Amino acid sequence: RDRPKITTIIFDVDDTLYDVGTGFTAHRNIDGATSFMVEKLHFPSVEEALVVRNEYFKKYHSTAKGLVVAEADGKFPPLPEGVTLPPGRTNIFDAGDLDDYWASKLDFSLLGGPDPKCVDTLQSMSDNPNWNLNLVAFSNGPRKYVSRVLKEIGLDSFFPADNLFAVTDVLPHCKPDKASFDLVLKSVGARPEECIMVEDSMKNVRGAKALGMRTILVVGRGRRRGAPTNEDGNDAKLDENAKNAEATKAGDAPDESDPAVDAVVEVASEIGDVLNMWLGA
């Protein structure tokens, strides 16, 4: 039986559309998350915030989802004396607050600006009349933050508002929950078997594969299994940054041998080669 025609490519954003070696992910997951927790959620120290952040990120691979559950589990400190919640709020944590905080306070210069090869790859995917693909972004990060990342790396024009999905659009769900994928697929009018999921997270790759999607795993520049190691300054720094990023995502490092993985690339700009193989030129 012929496989259904591929109509839709769903891209994760963080560590997928930019390289894991930038240093931005460790900055977001450690500095960005813990600073928010101390300033806005009243954790007494960065160290105590990091313990809770790590415990729940390991379970949910989303800071926003993790903090929703952490509060429900009673892991937040009590509100300081004299501090009250805004009118109508019953929870200390609101994903919109995290969204605003990250979108305005993170150091987006770490992303290094647009990667011309990645921009060209997405442009050629958009322009190919034989493929006629719908490009969708789906992130476990909050929406304003994700939009800012896409703008900083020069890819925002490929993902108009209707084709951009963030954790704040699918809460209380997040990837890899089936319900989160169902919502996105319904919104863009696609069936799983018509989709390719491009991801760096093994949990999300497995979730997408279980629904019937084809999968492309992005492992990071110079991080293919068997790739030569180069210890000169720049490559060593990239490798250190990638390891620091993976340390913030415990148990979810890329695994090329996993049966849920259909294809592997180092960076998103290499996806065109896979599509030429699968879909023809």
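**Entry 1: helix α9 and its ends**

I started just after α9, where Gly-212 takes a positive phi of about 110 degrees. The model is predicted, so I kept in mind that local features need pLDDT of at least 70 and side-chain atom pairs count only at pLDDT 80 or more, while totals for chains, interfaces and linings use all residues. Residues are numbered from 1 along each chain as its sequence is written, and side-chain values use heavy atoms, with hydrogens and water left out. Helices (H or I, at least four residues) and strands (E, at least two) are DSSP runs numbered from the N terminus.

At the N-terminal end of α9 I found Ser-201 as the cap, with a side-chain oxygen 3.3 Å from the backbone nitrogen of Lys-203. I then listed the buried residues of α9 (residues 202-211), which are Met-202, Asn-204, Val-205, Gly-207, Ala-208 and Leu-211; buried means under 20% relative accessible area, exposed over 50% and partly exposed in between, with a 1.4 Å probe and protein chains only. These buried residues pack against α8 (178-188), β4 (195-199) and β5 (214-218).

Glu-199 is in strand β4, and I noted it as buried at 0% relative accessibility. Which side chain does the side chain of Glu-199 meet in a polar contact? I found that of Lys-175, at 2.7 Å; a polar contact is a pair of N or O atoms within 3.5 Å, where within protein one must be able to donate a hydrogen and the other to accept it, and residues adjacent in sequence count only if both atoms are side-chain atoms. Leaving aside neighbours within four places in sequence, Glu-199 is also in contact (heavy atoms within 4.5 Å) with residues including Asp-12, Thr-16, Asn-204 and Val-205.

Lys-175 came up again over the face of Phe-138, at 5.2 Å from the ring centre; a charge sits over a ring if NZ of Lys or CZ of Arg is within 6 Å of the ring centre and within 35 degrees of the ring normal. The peptide bond from Lys-175 to Pro-176 is cis, with omega near 5 degrees, and another cis peptide bond joins Leu-171 and Pro-172, with omega about 15 degrees. I placed Pro-176 in the loop between α7 and α8, and Pro-172 in the loop between α7 (167-170) and α8.

Ser-139, in the loop between β2 (134-138) and α6, is buried with a relative accessible area of 1%. A polar atom of the Ser-139 side chain lies 2.8 Å from the backbone nitrogen of Gly-141. Beyond its neighbours within four places in sequence, Ser-139 is in contact with Lys-175, Asp-12 and Asp-14, among others.

**Entry 2: aromatic pairs**

I counted 10 aromatic pairs in the structure; rings of Phe, Tyr and Trp (its six-membered ring) pair if their centres lie within 6.5 Å, and planes under 30 degrees apart count as stacked, over 60 as edge-to-face and the rest as tilted. Phe-24 and Phe-108 make a tilted pair, 5.4 Å centre to centre with 35 degrees between the planes. Phe-24 lies in helix α1 (residues 24-40) and Phe-108 in the loop between α4 (95-105) and α5 (116-127), so this pair ties together parts that are 84 residues apart in sequence. Phe-24 is buried at 0% relative accessibility, and Phe-108 is buried at 3%.

The rings of Trp-102 and Tyr-145 are 5.2 Å apart at their centres with planes at 65 degrees, so I recorded the pair as edge-to-face. Trp-102 lies in helix α4 and Tyr-145 in helix α6 (residues 143-152), so the pair ties together parts 43 residues apart in sequence. Ring pairs link Tyr-18, Phe-24, Trp-102, Phe-108 and Tyr-145 into a cluster.

**Entry 3: cysteines**

How many disulfides does a search of the whole structure find? I found 0, a disulfide being a pair of cysteine sulfur atoms within 2.5 Å. The sulfur of Cys-118 is 19 Å from the closest cysteine sulfur, in Cys-195, which is too far for a bond. Cys-118 is buried at 4% relative accessibility, and Cys-195 is buried at 0%.
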